[in-house]
Amino acid sequence: MDFEQENAVWVIGHRNPDTDSICAAIAYADLQNHLSETKYEPKRAGNLNEETKYVLRKFKVKIPAYVDDVRTQLKDIAFRRTIGVSSSISLKRAWELMTTSKVVTLPITGEDNELLGLIVNADIAESYMDVLDTHILAQARTPYKNMIETLNGTILVGNAHGRYIRGKVIVAADSLPMAEESMEKDDLVILGDRESMQKCALKHNASCLIICGGTQVSKQILTEAEDKECVIISTPYDPFTVSRLIMQSMPIKQFMRTKNLKKFEIEDYVDDVREVMSKARHRDFPILDHDGYYIGMISRRNLLNMQKKRIVLVDHNERQQAVHGIDNADILGIIDHHKIGSLETPVPVMFRNQPVGCTSTIIYQMYQENAVKITKPIAGLLCSAIISDTLLFRSPTCTEMDKQAAHSLAEIAGIDMERHANEMFRAGSNFQSKTTEEICYQDFKTFTAGEVLFGVSQISAMSREELDEVKARVMPYQETIMEDRKLNMVFIMLTDILNESSELICLGKGADEAVERAFYKQKINDGYRLRGVVSRKKQLIPELLDAIANA
């Protein structure tokens, strides 16, 4: 039976998500779930900032699950749900299960599907070829029920649920004197219909008699065996066949592999699994669930049937901004309002890119185009995203379409935009409870200009005083950002929402020169004052890209 694969399409924004990337992902998934039979799920590629948390709380919308890598995992692959077996079943039963299931490995499990070990067909072959010890049946504590099952037998005396735990196995096919010499206490004796030989075995206190040929056993022998607590099993097979089959009654626990097992977890990435498999000699490997319990088996062949994760990207189309592993995912679509970036796809995909101030404005249009009713929570999210990305229409990226969409959505959501914007921005500029790392990365993106890789963090607040306080904290952290992200330059944009201006601080070889060429400004108190500049996308990045590329 194949494991049920996860078939949902993930809708996901960029790393270091802002309000637009989260709200757009949630809304687009909602839209597609109205239009498609395929399930769409919103995800996030980073931690939420305080502004976004406020918006989701206000409209009572669940935070999307976090995803840090979209490479294919074992849970994306159809693998065999081979049922685990008890360690007490016989070698013969294990072989039959392997044959009927067409597998070479059986998982051995305990209570709650705890993985105890594995047995492969080579282990069963070894039990025939390499085991010469006549005491092995006792050492394996072989259950009598295994012997009965293996020999197609019937128990005449004794408890079928008992175990053979002492003595050796002998075949009493010789003369009586020779048999007496070899018999010892607790032996398991394979014999025929000769009552004299049966009495001899009982006299030597055998633990078990295997009576071959299906012959009748006298009442006297049965009574004496009962008195001596000797088990008697009758089988239709001849002594030669019994002596060959009796070894197959041993429990697989005696031969199962328990040490250095190569096993995987359901969340493991296929790339890592493939590497481990290439170094292992065996063919099949157990898979454990999130709690460490066995759920199935996988082989190299299963990796051929893997299904890549299906992804729709919103609010970005740059590889550097995308969730890790995006090159190994199946991108179904991109919805964005930024410049066309470096992301490539092997086949054509749905790509919608419009020069508006917010991706959520595009999502709003798609609801209208498909005549899908927007619920109050979704309207609240989309409106909040537009307010956030356009700084309540103050940003030069804002278009008439953004304004019209926001007003329509505010009416559906039942909110006062001015009041809501003020509450959002104040939630987002509450820096007291945040670490410097959280502040710098809450709205951070990377860009490439030729061979130069640079990052830009935008930190917005409602007053200059708040920004001055946060500036003192983030300036020393710029070097850490450069080292962590392996950047050539880093820029931090401190945006005063109400006064519609920004201060730019920077670090890195050539960073100051790039700002001066781009804006014809001189540094004042460690930063560059950019009056009227509030949009990273439209006012800052194009100028920096040009200045760095033409240095």
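A search of the whole structure finds 29 salt bridges, each defined as a side-chain nitrogen of Lys or Arg within 4 Å of a carboxyl oxygen of Asp or Glu. The model is predicted, so local features need pLDDT of at least 70 and side-chain atom pairs count only at pLDDT 80 or more, while totals for chains, interfaces and linings use all residues. Residues are numbered from 1 along each chain as its sequence is written, and side-chain values use heavy atoms, with hydrogens and water left out.

We can begin with a pair inside a helix. Lys-53 forms a salt bridge with Glu-50, with 3.4 Å between the closest N and O atoms. The two residues are three apart in helix H2 (residues 50–58), and therefore about one helical turn separates them; helices (H or I, at least four residues) and strands (E, at least two) are DSSP runs, numbered from the N terminus. Lys-53, at 30% relative accessibility, counts as partly exposed, and so does Glu-50 at 23%. On this scale, buried means under 20% relative accessible area, exposed over 50%, and partly exposed in between (1.4 Å probe, protein chains only).

Other salt bridges involve buried residues. Arg-71 is bridged to Asp-69, the closest N and O atoms being 3.1 Å apart, and both residues are buried. In the salt bridge between Lys-309 and Asp-76, the closest N and O atoms are 2.7 Å apart. Lys-309 lies in the loop between strands E15 (294–299) and E16 (310–314), and Asp-76 in the loop between strand E3 (65–66) and helix H3 (91–101), so this pair ties together parts that are 233 residues apart in sequence. Both Lys-309 and Asp-76 are buried.

From E10 the chain crosses through helix H8 (residues 195–203) to E11 in a right-handed β-α-β crossover; that is, with the strands pointing away from the viewer, the path from the first strand over the helix to the second runs clockwise.
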